[in-house]
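I opened this model to look up a few residues, some helix pairs and the domain layout. My notes are kept in the order in which I looked.

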Amino acid sequence: MIDIPKKHKELFELIGETADSIDQQVYVVGGYVRDYYLNKPITEITDIDFVTVGSGIHLAQEIARKLKNNKISIFKQFGTAQIKHKKLDLEFVGARKESYRRDSRKPIVEDGTLQDDQLRRDLTINALSWCLNPGSFGVLHDPFGGIKDLQDKVVRTPIDPEKTFDDDPLRMMRAIRFATQLHFRIDDDTMNAIKKMAPRLSIISKERILDELNKIVMTPQPSFGFKLLHETGLLKEFFPEMVNLLGVDEKNGQRHKDNFWHTLEVLDNVAEAGGDLWLRWAAIMHDIAKPPTKRFDNHVGWTFHGHDALGAKWTPKIFRRLGLPLDDRMKYVQKLVRLHLRPIALVSDEVSDSAIRRLIYEAGNEIDDLMALCRADITSKNEWKVKKFQNNFDRVEKRIQEVEEIDEMRNWKNPVSGQDIMDVLNTGPGPVIGRVKDRIKDAILDGEIPNNHEAAHQYLLQIKDQYL
Ligand code: CTP
């Protein structure tokens, strides 16, 4: 007997009884059943999928009536209905045979049996279902060996993978996403079909691709998924800049590191440290512009001068193409990409307070995340080197803290306002006000004057003649 939370069991029983009363079979299918056998906390599940042999809409209407719930949405053209019940989204669909035309996402839908419905699903582990009708309550239907695949930790399609992926090419991304989330391997035939059909991803919208990609990015070890995305050829379909990071050149016996695998190590490091989606994106993007800035210099070897600034310049373009947001979250990633080399330049003891102050000013509230990215960027295999670099960053962080305590530069605001400057210069708005403001800002950042109104005002009186 299935062992599920009481609130789900009572709901499932009501759904089964309702289906019986209108002579329909109903099954719970997909993520709920899969996660149950994976021993995942199903109490946290919010979306539950049901399939019925007959009309999904009619069944949902009957259930909504029994639940005295009017939060039902009907999608006639898809033959589906959704009930919002407490915190749950209950999705009902009539079992069907479904096939997509090659040139469009619009399916041709016909009514079908439970078996037909399970056949058209993406993966064996997602095609498990339990009957909910009284008498057969909790009986498992597993026509494709989904339970065995869960035990063997394999991702596999129920039918010929080429057919499954042809029906909906997004499933190639889903296969990799599930493999990454569950740490499963992808079955050889399924893997070969993805390699063959990767170009078909072009008919899928960037939003759906990004949704899967971000789920991969948010796993504990995202490199697992990116490796698969690269091996199958999917990555170059939507993110060619990242694939361009691959490869190592050698000149005069000197090699640079492979920036693709390095980026993935940085991403894993950020993930391990609990970084959120945007810090993870900063890790993905931090070296993205290395290929066009690569040079070989006989004295210093390989260099990538300016890849930080160019990477920041590329960030909005790449975000737009991938369907990522262009708001403050993009600006955050762009800032970290632009500044990711700066803390390394500050490790020497000779570095002045003013250089530290400038970095705090430029990074603002992102200074801690910037330091986290820099630490993740240390991917040397030499333990002694790693220790040395970490110690260097400890020192930079300590100095940041000291300067911050005295100067409070993090959310810096010029202590003198534009109006103050206009009053002192006895003039109206104009570009000169901006220039004077910058001069005061530089004097504070360079440590010429303290960061307060009194000192800044005195300084303004001193320099004002130069601007009259
Ligand atoms: N499905 C499919 N092909 C897709 C998307 C979904 O066959 N491209 C089927 C799968 O059987 C899946 C079910 O529809 O289990 C529900 O899809 P979804 O809610 O997206 O995924 P879940 O499996 O519930 O898993 P998760 O919520 O973790 O994404």
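**Entry 1, ground rules.** I am working with a predicted model, where local features need pLDDT of at least 70, side-chain atom pairs count only at pLDDT 80 or more, and totals for chains, interfaces and linings use all residues. Residues are numbered from 1 along each chain as its sequence is written, and side-chain values use heavy atoms, with hydrogens and water left out.

I looked up the domain assignment of the protein chain and found domain 1 (6-152), domain 2 (156-238) and domain 3 (418-467). I noted that such bounds come from an automatic or database domain assignment. The C-alpha centres of domain 2 and domain 3 are 57 Å apart.

I found T18 in helix α1, residues 6-21. Helices (H or I, at least four residues) and strands (E, at least two) are DSSP runs, numbered from the N terminus. Is T18 buried or exposed? T18 is buried, because its relative accessible area is 1%; buried means under 20%, exposed over 50%, and partly exposed in between, with a 1.4 Å probe and protein chains only. Setting aside residues up to four places away in sequence, T18 touches L59, E62, I63 and K66, where contact means heavy atoms within 4.5 Å.

I found H85 in strand β4, residues 80-85. H85 has 14% relative accessibility, so it counts as buried. Not counting residues up to four places away in sequence, H85 touches L11, L67, N69 and L90.

I looked up how α16 (residues 307-322) and α17 (residues 328-339) are set against each other: their axes come within 8 Å and cross at roughly 160°. Therefore α16 is roughly antiparallel to α17. Axes are lines fitted to C-alpha atoms, for helices over the stretch in contact, and angles run from 0 to 180 degrees between N-to-C directions. Angles under 35 degrees count as roughly parallel, over 145 as roughly antiparallel, 65 to 115 as roughly perpendicular and the rest as oblique. On the α16 side the contact is made by D308, G311, A312, T315, P316 and F319, and on the α17 side by M330, V333, Q334, V337 and R338.

S354, R357, R358 and Y361 of α19 meet K441, D442, I444 and L445 of α23. Which residues of α19 are buried? I noted S354, I356, R357, L359, I360 and A363. Their cover includes α17, α18 (342-345), α20, α21 and α23. After α19 comes G364, with a positive phi near 55°.

I found N382 in the loop between α20 (367-376) and α21 (383-407). N382 counts as partly exposed, because its relative accessibility is 37%. N382 and N392 are 10 residues apart along the chain, and their C-alpha atoms are separated by 16 Å. R395 lies in helix α21 and, at 37% relative accessibility, counts as partly exposed. Leaving aside neighbours within four places in sequence, R395 is in contact with V347 and D349. R395 and D349 are 46 residues apart along the chain, with 8.8 Å between their C-alpha atoms.
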